[in-house]
Every structure is written in C-alpha cells, then in structure tokens.
Amino acid sequence: MTKKIYALVDCNNFYVSCERVFNGNLENKPVAVLSNNDGCFIARSNEVKALGIPMGAPLYQWQDLVDKEGIIVFSANFPLYGDMSHRVMKTLEEMCPDLEIYSIDEAFLDLTNMHLSSVTDYCRLIKETVERWTGIPVSVGVGPTKTLAKAASKLAKKIKSNNGVFNFLDYPDTKENDEYLSKVEVGDVWGIGRKYTKLLNRYNIINACDLKNADPVFIKQRLTVTGERTQMELSGIACIPVNRNPHPKKAIAVTRSFGKYQKTLQELSESVAYFTRKIGEKLRAQESAANYLQVFILTNLHRKDHPQYHNSVIVKLAKPSDYSPLLIAAALQGLKNIFRTGFSYKKAGVLALALQPKDLIQYSFLEPTPETQKNAEAKLMKTVDGINRRVGADVLKYAAEGVTRGWWMNQTHKSKRYTTKWAEILQAKLT
DNA sequence: TCTGGGGTCCTAGGACCC
DNA sequence: TCTGGGGTCCTAGGACCC
C-alpha cells in the first residue's frame with residue numbers, strides 16, 4: 001500500500017482576510033470580526049491575537065481594549081465570506097481535483113496520485129496561486145494522515161521560516177518527526193477539544209507527541225473510539241478518508257439570538273416563521289424533505305437574575321416535506337405548545353430532522369396526493385426561490401413573518417456585500 | 001445593556017421484545 | 001423467601017469541529 005499524501009489548506013484569519021481584500025487600509029492593523037448581534041469575536045487578525053483577545057470572547061468585556069488600541073471591528077458579513085470561500089475552493093480544485101471542502105475556510109487535498117517531484121514545492125505553488133487569484137493568504141500542512149496534515153498546518157503558521165508550508169513527509173526520521181510533533185499542543189490536535197485537553201494534561205499528556213505515545217487502552221477508555229482514531233492517525237495510520245462527495249446534510253438548523261427581548265407569542269411567531277422559511281429554502285437547495293421539525297425557545301441563560309425558561313418540541317409532519325407553507329404551519333403549532341407567557345426570550349430556532357431525498361417521498365395510498373397538487377407546490381416554491389435569488393433574499397416572504405422584524409439582530413459595523421450585490425460593489429476612484 | 005450559528009459523531013441508559 | 005437474559009431501537013446529552 002502506498003503511503004497517502006494529504007494536504008490541508010487553511011485560510012489565515014479567514015473573515016478578517018476577506019474584509020482586508022476589499023479595504024486596503026486594514027493591512028497591518030488590528031482587525032476583528034464579530035458574531036451575529038455583534039456579540040463575540042469570531043475572527044481576529046494576528047495583531048488582535050497578540051493583544052490577548054481569545055476566540056469567542058464577548059465584545060463588551062474587551063471594549064476598553066478595543067477603544068484603546070483602535071481595533072477595527074466588523075459585524076459578520078456571511079454573504080461576502082461565502083463568496084470568497086467559493087473563489088478559494090475553485091482555485092484549489094484547479095490545482096488538485098481530488099479535494100474535500102471541509103469548512104468555509106479549509107480544504108483537504110489528496111495529492112497521493114499526482115506524482116509530484118516535490119510535494120512541498122507544489123504546496124508553495126498552491127499557496128501563491130490562491131493568494132494571487134483571490135487575495136486570501138493561506139497556510140498548507142502536509143502529512144500521511146488528515147490529522148497530521150492538520151497538525152502540519154499549525155506548524156506552517158508557527159514556524160515563520162517555513163513561509164506558510166510544513167510537510168511532515170520531509171522528516172521521515174522518527175526522532176525529527178517527534179520533535180516537530182512535540183511543538184503542537186495537545187489541544188491543537190484535531191479532535192481534542194477543551195474537555196479532553198484538561199483531562200489529558202492531568203495525565204501529563206501535553207503535546208501531540210505525548211498523545212501519540214500514550215497508552216492506547218487508556219485513550220480508548222477515556223476518549224472513546226474517536227480518540228483511538230486520533231491517536232492512530234498521529235502515528236501515521238490513516239483512519240479518516242478524504243470525503244470527496246459529501247452526502248447531503250442530515251439535519252438543517254436556523255437559529256438566532258434576538259437584537260432585543262421578545263415577549264409575546266406573536267413576536268416569537270414572526271421570527272419562527274422566518275427561520276422556517278429559511279429551513280424550506282435550504283431543504284429545497286439540497287433536494288431533501290424533512291420528516292420532523294424541532295422548535296426551541298429560550299431566555300437569556302447568562303442573566304441569572306432573570307426568570308429562566310427553555311423548552312423545545314418536535315413536530316412530526318403529516319408527510320415528508322420541503323413546502324414552506326406546510327413547514328411554517330407545523331412550526332407555529334409547535335411554538336404555541338411550548339410558549340409560556342411572562343418571560344423575556346433571547347433566542348429561538350428551528351431544526352429540520354430526519355431528512356430524506358425528496359424524490360423518495362412515499363405518498364399515502366389512502367389519501368393520494370394528486371399529481372397536480374404536488375406539481376403546483378413544487379412550481380410555486382421554485383418561482384419564489386428564483387425571485388428571491390435574483391432580486392434579493394427576502395423580497396418574497398410569508399405574512400406570518402410580519403413586517404417589523406422587531407427581533408432582528410444588531411449589526412452596527414457591517415461592511416458591504418462587495419461581491420454579491422451590484423449596489424454595493426467596490427468603487428475604484430481614478431485620480 | 002452587552003455572551004454566535006451550524007453541523008457531526010458517540011455513548012449510556014431506558015423502553016421494549018421475546 | 002429470594003423475580004432472566006439478551007438483543008435492538010431510540011433519545012438525550014456530551015464531546016468535538018469550524
């Protein structure tokens with residue numbers, strides 16, 4: 001069996017880099033991107049990381065530092081990031097068709113069958129090409145397993161002299177290999193999160209090399225089979241394949257925190273109707289139908305001084321469906337069952353569960369749905385989706401969504417949708 | 001006053017069946 | 001005195017990822 005060659009391409013500080021592509025003044029300055037509602041830091045430039053602001057930190061706790069250091073903050077602009085991601089992935093696909101888009105800012109490449117004379121040189125070329133074509137800086141890590149490729153991408157960022165590429169295959173000698181592995185903290189290993197890091201540290205497992213050499217029985221016992229796999233991957237045994245054709249999602253969620261507290265059933269109904277319409281759009285986009293909807297509502301868990309209430313309900317649909325009016329009716333019925341008056345709600349959401357391919361829907365023999373009705377529903381949804389796509393996402397909506405959007409999130413630092421809205425395209429000034 | 005959103009996988013334990 | 005045991009399915013919760 002030939003050894004696999006996996007590369008992980010990882011966009012550096014992705015959302016910040018997207019903002020920088022369209023605003024030259026952000027270069028070399030501390031820049032951060034905030035979550036919805038301008039709540040938490042979800043992307044930080046190196047300058048911001050150096051100031052000590054952690055990932056996920058709430059903005060209000062760091063506001064003084066933000067002001068003092070002149071940190072430039074942006075509200076999240078997901079249409080822009082999604083479009084930039086698409087450009088990066090298209091570029092990667094041209095250089096290695098055998099790829100798995102792993103997240104909005106990462107892709108695994110399987111370079112095994114490309115017969116490269118120098119894998120490391122080719123990865124440098126990939127890095128330069130992506131940066132030239134899209135303006136997004138990336139790091140590339142290479143290894144015989146996906147977990148090692150991930151670890152390598154950490155080293156690519158860490159070891160400055162490597163110019164953004166690190167390849168474990170360049171260090172076949174075990175001693176040298178382990179030396180580099182020791183530079184990766186165990187918490188930075190793919191699959192080891194906060195809880196496991198704490199546990200492992202208690203047993204003096206501090207870095208990736210320690211984990212690789214730990215007692216496999218202990219690891220399996222405490223970290224289950226996923227931990228076992230991680231450990232094997234660290235020692236070069238590939239357990240996790242590159243997944244070229246990701247299967248359709250098994251669940252779809254649309255959830256939001258509110259910009260201001262929502263108190264009445266009417267208010268909550270409007271947001272839930274909106275979430276459910278979005279669910280319908282996503283279902284149709286991947287040609288799935290849902291068997292169940294789950295609706296949940298909750299108060300602000302961070303405010304111990306407020307009366308707390310959270311609840312959720314699962315509604316079985318009369319038939320598997322992607323038809324927005326039916327979905328909305330079901331979700332609102334569910335909401336009615338869990339709503340309690342007298343609370344200030346902070347967040348709500350809708351999930352579509354037990355998804356199935358749309359073309360496999362079994363219609364009832366007892367109450368056959370006429371072909372004409374099925375066609376009419378599909379045609380209506382297709383028309384609505386088409387108009388919303390062309391004219392703007394929310395031109396056509398349902399009456400149940402209301403018109404005020406009183407729950408809408410706060411976004412006071414939003415950049416423009418440079419790449420997806422003609423009206424907001426970047427303008428060049430000729431001088 | 002102010003704390004994101006969208007996913008996957010695994011396990012333990014209860015319900016149920018024979 | 002003295003109450004089985006094994007298999008399967010389902011779900012909630014917990015871990016992880018970005």
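A charge is taken to sit over a ring if NZ of Lys or CZ of Arg is within 6 Å of the ring centre and within 35 degrees of the ring normal. In this predicted model, the charged end of Lys-146 sits over the ring of Phe-108, 4.6 Å from its centre. Lys-346 places its charged end over the ring of Tyr-261, at 5.6 Å from the centre.

Residues are numbered from 1 along each chain as its sequence is written, and side-chain values use heavy atoms, without hydrogens or water. Local features need pLDDT of at least 70, and side-chain atom pairs count only at pLDDT 80 or more, while totals for chains, interfaces and linings use all residues.

Rings of Phe, Tyr and Trp (its six-membered ring) pair if their centres lie within 6.5 Å; planes under 30 degrees apart count as stacked, over 60 as edge-to-face and the rest as tilted. The whole structure holds 22 aromatic pairs. Tyr-15 and Tyr-81 form a stacked pair, 4.4 Å centre to centre with 10° between the planes. This pair links distant parts of the chain, 66 residues apart: Tyr-15 lies in helix H1 (residues 14–21) and Tyr-81 in helix H4 (residues 78–95). Helices are DSSP runs (H or I, at least four residues), numbered from the N terminus. Both Tyr-15 and Tyr-81 are buried.

Tyr-81 also pairs with Phe-78; the ring centres are 5.9 Å apart and the planes at 85°, so this pair is edge-to-face. Phe-78 and Tyr-81 lie three residues apart in helix H4, about one turn. Buried means under 20% relative accessible area, exposed over 50%, and partly exposed in between (1.4 Å probe, protein chains only). Phe-78 is partly exposed because its relative accessibility is 37%. Tyr-81, at 0%, counts as buried.

Elsewhere, ring pairs join Phe-258, Tyr-274, Phe-275, Trp-407 and Trp-408 into a cluster.

Definitions and conventions
Chains are lettered from A and ligands numbered from 1 in the order in which they are written. Helices (H or I, at least four residues) and strands (E, at least two) are DSSP runs, numbered from the N terminus.
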